[in-house]
Amino acid sequence: MEDFVKNRGKTGLVLEGGAMRGLFTAGVLDIFMENNVLVDGVAAVSAGATFGCNYKSRQIGRTIRYNRRFSKDWRYASFRSLVKTGDFYGADFCYNRIPNELDVFDLETFRKNPIPFFVVATDCKTGKAVYKNLETGDARDLTWMRASASMPLVSRPVEIDGYTLLDGGMTDSIPLEFLESQGFERNIVILTQPRDYVKKKNLLVPLFKFALKKYPAVAQAMKNRHTMYNRQTEYVFAQEKKGSVFVICPEKSLKISRTEKNPAELQRVYDIGRLTAENLLESLKNWLTAGC
């Protein structure tokens, strides 16, 4: 089967987060893998990172499979886990037991796949985005993925490589400009909100300010997040009009909780992602080959 790859310059893939909205992205990426839609590099945030890593390891169906299997297991995601471990999404279960024992992550394929896989996290001390290229998929890389997806208030800050980190979505929700700065001239951007979505100011900002008083820069980032996010979506669609970006997003709100545990709801959102990608596949192929 033909591989749809840009031959001149570099084509990137940008993966927004959104917790369980990320099952939409998982559906899109499985269609990509089934149809050999390849890119030269990935930049991913939060659930985009934890689910999108399976695109680099070429594991079709893995994301929806383990989410359906473990969604109701308290060790995977629950307030019981939050109380017992300090993380709503259990660190050991999600980033050790599952990838190493219960639904094994293909480290060999991940390592051999030459494309860079950048994840974004937020530096708690500076309130700035930090970018890390994950090359091996080992325990350290998985810790960086956990950092990228560690939502404030329901996660402990992650200590790694001299950083104290939390969710990358606070500071760079859609890292298109970062990927462009790395030389990726044309980019596929997968969003988990519809085109007309406008983020509003978070009403929990006072709570963030209190809970994160040790990290005032993070609280400030949360205060400004809606402004940052809306500017980024405007930029994405401006680049799309210029022809340098291909956007894939749901037609309407996915209406799924960030912490959804119902397997049927997870499957529903995953299936929307698959159907959306299937409907856009021919247009995407044409866009990719037009850039060659």
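Mentor: Buried means under 20% relative accessible area, exposed means over 50%, and partly exposed is in between (1.4 Å probe, protein chains only). Helices (H or I, at least four residues) and strands (E, at least two) are DSSP runs, numbered from the N terminus. This is a predicted model, in which local features need pLDDT of at least 70 and side-chain atom pairs count only at pLDDT 80 or more, while totals for chains, interfaces and linings use all residues. Residues are numbered from 1 along each chain as its sequence is written, and side-chain values use heavy atoms, with hydrogens and water left out.

E1 covers residues 11–15, and because five of the five are buried, the strand is largely enclosed by the rest of the structure. Its strand partners come next. Two strands pair if DSSP finds at least two bridges between them. E1 runs parallel to E7 (residues 186–190), and five bridges join the two; Thr11 stands opposite Arg186 there. E1 also pairs with E2 (residues 41–45), again in the parallel sense, over four bridges. Val42 in E2 is the bridge partner of Leu13.

Leu13 deserves a longer look. Apart from neighbours within four places in sequence, its contacts (heavy atoms within 4.5 Å) include Val42 and Ala43, Leu29 and Phe32, and Ile188 and Ile190. Tyr55 and Leu179 are also among them. Leu13 is one of the residues with the most contacts inside the largest nonpolar core, as are Phe32, Tyr76, Ile188 and Ile190; that core has 63 residues. A nonpolar core here is a set of buried Ala, Val, Leu, Ile, Met, Phe, Trp, Tyr and Cys residues joined through side-chain atoms within 4.5 Å. A second, separate core has 16 residues, including Phe118, Phe184, Leu191 and Val247. In soluble globular proteins, nonpolar side chains tend to be buried together.

The whole chain gives the setting. It has eleven helices and eight strands, and 58% of its 292 residues count as buried. The C-alpha atoms fill a box of roughly 50 × 40 × 35 Å along the principal axes. Among contacts with a separation of 6 or more, 75% come from residues 24 or more positions apart.

Now some helices. In H3 (residues 62–70), the buried residues are Arg62, Thr63, Ile64, Tyr66, Asn67 and Phe70. Their cover includes H1 (22–34), H2 (47–56), H5 and H11. H11 spans residues 263–290 and holds Thr276, which counts as buried because its relative accessibility is 13%. A polar atom of the Thr276 side chain lies 2.8 Å from the backbone oxygen of Ile272. Glu101 belongs to H5 (residues 91–102) and is partly exposed, with a relative accessible area of 48%. The Glu101 side chain makes a polar contact with that of Arg97 at 2.8 Å. A polar contact is a pair of N or O atoms within 3.5 Å; within protein, one must be able to donate a hydrogen and the other to accept it, and residues adjacent in sequence count only if both atoms are side-chain atoms.

Last, the backbone angles. Most residues other than glycine have a negative phi, and most peptide bonds are trans. Leu153 is not a glycine, yet has a positive phi of about 80 degrees; Leu153 sits in the loop between H7 (139–148) and E5 (158–160) and is partly exposed at 34%. Asp161, also not a glycine, has a positive phi of about 50 degrees. Asp161 lies in the loop between E5 and E6 (163–167) and is partly exposed, with a relative accessible area of 37%.
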